[in-house]
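Please read this briefing alongside the sequence and the 3D structure.

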Amino acid sequence: MAGVVERRSIDVVPDDERHGSAVSQFTLWLGANLQITAVITGALAVVFGANAFWSLIGLLLGNLLGGAVMALHSAQGPRLGLPQMITSRAQFGVRGAVVPLALVIVMYIGFFASGSVLAGQAVGELTHLGETPGIVLFAAVTAVAAAVGYRLIHTLGKVAGLVCALAFVYLGIRLLQRTDLGTLLADHRFALPVFLLAVSLSASWQLAFGPYVADYSRYLPRHTSARATFWWTLSGSVLGSQWSMTFGALAAAAAPAAFVGHEVSYIVGLGGAGLIASLLYFVIALGKLTINILNTYGGFMSLVTSVSGFRGQRTLTPRGRSAYIAGIMVAGTAVALLGKDSFLTSFKDFLLFLLTFFTPWSAINLVDYYLISKERYDIPALSDPAGRYGAWNVRALAVYVLGVLAQLPFLATHFYTGPLVAPLGGADISWLVGLAVPAVLYWLTARRDTARTAAPEAPEAPQDIRNPAGSGG
């Protein structure tokens with residue numbers, strides 16, 4: 001198991017431990033997106049009033065726009081050899097990075113919970129144990145796989161991508177046997193608010209991967225082309241999500257009463273009964289397992305990054321690694337069990353609200369990495385509160401807060417709707433504001449900061465890739 005269980009956590013991956021090619025990002029993100037939550041996300045565009053024709057176009061546009069932002073984060077992995085969120089220290093300070101990190105941790109615990117509820121239903125049906133034991137069993141398997149780490153995650157992504165792709169082809173054929181595609185796409189009436197909603201749904205889906213996408217590209221060899229990493233990540237994520245969302249939108253348009261609120265049973269019933277039904281329950285659970293492992297692993301990385309910023313910790317023992325992952329699992333499972341009956345819908349709305357808080361982080365991180373620092377970070381300083389990046393970067397934190405506040409007038413959720421939503425016909429464009437405003441503000445403030453713009457050590461320098469404290473746990 002020594003060669004399988006991951007040893008690294010937030011420390012730099014040395015060159016002699018790097019392996020693979022950029023194609024691995026395609027298989028991972030294809031498998032991560034061919035799953036039931038993406039299906040439901042696509043269905044929401046139709047449920048909220050868009051016709052199938054414009055829903056599919058809007059979903060594709062949002063996947064491309066949000067996916068491009070997500071893939072730009074992925075391209076940082078091979079260059080730096082670091083988990084995604086630890087690079088936030090370069091913008092917000094070694095300790096200041098805890099501000100966006102805390103919200104990201106809550107987000108991924110929530111995603112773990114919502115995914116466990118859906119998968120728990122499938123596991124409960126498959127094992128005949130019922131929903132609650134299904135949720136607990138699914139959560140435990142997720143935690144074990146996340147503890148094994150990087151290699152298993154990529155292997156599972158390949159398997160899930162193939163299995164889920166075959167299942168979705170079969171389900172698509174079954175759906176088209178029940179309805180006429182031409183009829184579903186015949187209505188071409190355009191309504192801007194619901195079209196923008198479709199764009200926002202899929203863009204937000206992609207942006208949610210931003211805080212951990214580089215975690216899964218950081219083991220690629222340093223010479224891996226940033227362009228190749230970008231395109232393989234983008235194509236896998238967009239293809240997988242658009243495939244799932246298209247199925248969801250068409251299913252909701254074909255049989256809204258049967259699909260909405262009964263997504264798992266509808267999909268299984270569409271495929272058939274008996275052995276086929278059991279296989280489909282397995283596919284649903286497998287698809288959710290892939291993405292829930294990513295949520296657990298990303299939450300673990302973010303939690304370690306937050307704590308280590310105050311403790312000066314650069315490595316993690318195997319016992320410490322297991323404890324962090326267990327903490328994420330227990331918290332996510334508790335929320336899943338509490339929300340499995342009536343709380344889940346409101347909680348999903350809360351999760352979308354939390355997206356408001358890390359869209360500005362994404363903008364600041366990308367502007368800093370590509371435009372200010374020119375893809376060069378002083379990696380030892382990322383662990384030193386007295387170093388180049390300091391403990392707290394007040395200006396960056398102020399830009400982050402302004403980026404969050406700028407979105408509120410455009411935000412539309414069940415529990416809060418901004419004053420500018422109604423003039424836009426009910427459309428939520430907060431994610432666009434959350435990317436544009438902090439990107440411009442951060443560029444204007446950071447480009448005058450000589451401590452930020454002075455060229456740091458190149459990542460190729462030996463001291464940048466060597467771990468002074470030894471191997472990670």
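T359 touches L207, Q407, W431, G434 and L435, leaving aside residues up to four places away in sequence; contact here means heavy atoms within 4.5 Å. T359 lies in helix α16; helices are DSSP runs of H or I with at least four residues, numbered from the N terminus. At 5% relative accessibility, T359 counts as buried, because buried means under 20% relative accessible area, exposed means over 50%, and partly exposed is in between (1.4 Å probe, protein chains only).

This is a predicted model, in which local features need pLDDT of at least 70, side-chain atom pairs count only at pLDDT 80 or more, and totals for chains, interfaces and linings use all residues. Residues are numbered from 1 along each chain as its sequence is written, and side-chain values use heavy atoms, with hydrogens and water left out.

**Packing of two helices**

- Helix α3 (residues 52–74) packs against helix α10 (residues 192–207) at an angle of about 35°, and their axes are 7 Å apart. Axes are lines fitted to C-alpha atoms, for helices over the stretch in contact, and angles run from 0 to 180 degrees between N-to-C directions.
- The crossing of α3 and α10 is right-handed, a term used if the near helix is turned clockwise from the far one by less than a right angle.
- On the α3 side, the residues in contact include W54, I57, L61 and M70. On the α10 side, F195, V199, W205 and L207 are among them.
- By class, this contact of α3 with α10 has 12 nonpolar, 8 polar and no charged residues. Ala, Val, Leu, Ile, Met, Phe, Trp, Tyr, Cys and Pro count as nonpolar, Asp, Glu, Lys and Arg as charged, and the others, Gly among them, as polar.

**Salt bridges**

- The whole structure holds 4 salt bridges, each a side-chain nitrogen of Lys or Arg within 4 Å of a carboxyl oxygen of Asp or Glu.
- R222 and D15 form one of these, with the closest N and O atoms 3.1 Å apart. This pair links distant parts of the chain, 207 residues apart: R222 is in the loop between α10 and α11 (226–254), and D15 is in the segment before α1 (23–33).
- R222 is buried at 17% relative accessibility, whereas D15 is partly exposed at 36%.
- R189 forms a salt bridge with D187, where the closest N and O atoms are 2.8 Å apart. R189 is exposed at 66% relative accessibility, and D187 is partly exposed at 25%.
- R388 and D378 also meet through their side chains in a salt bridge (3.6 Å, N to O). Both R388 and D378 are in the loop between α16 (344–372) and α17 (394–407), 10 residues apart.
- R388 is partly exposed, with a relative accessible area of 31%, while D378 is buried at 14%.
- Salt bridges that share partners join D15, R18 and R222 into one network.

**Positive phi values**

- Most residues other than glycine have a negative phi.
- H128 is not a glycine, yet its phi is positive, near 65°. H128 is found in the loop between α6 (98–127) and α7 (131–148) and is exposed, with a relative accessible area of 71%.
- E375 is not a glycine either, and has a positive phi of about 65°. E375 is found in the loop between α16 and α17 and is partly exposed at 28% relative accessibility.
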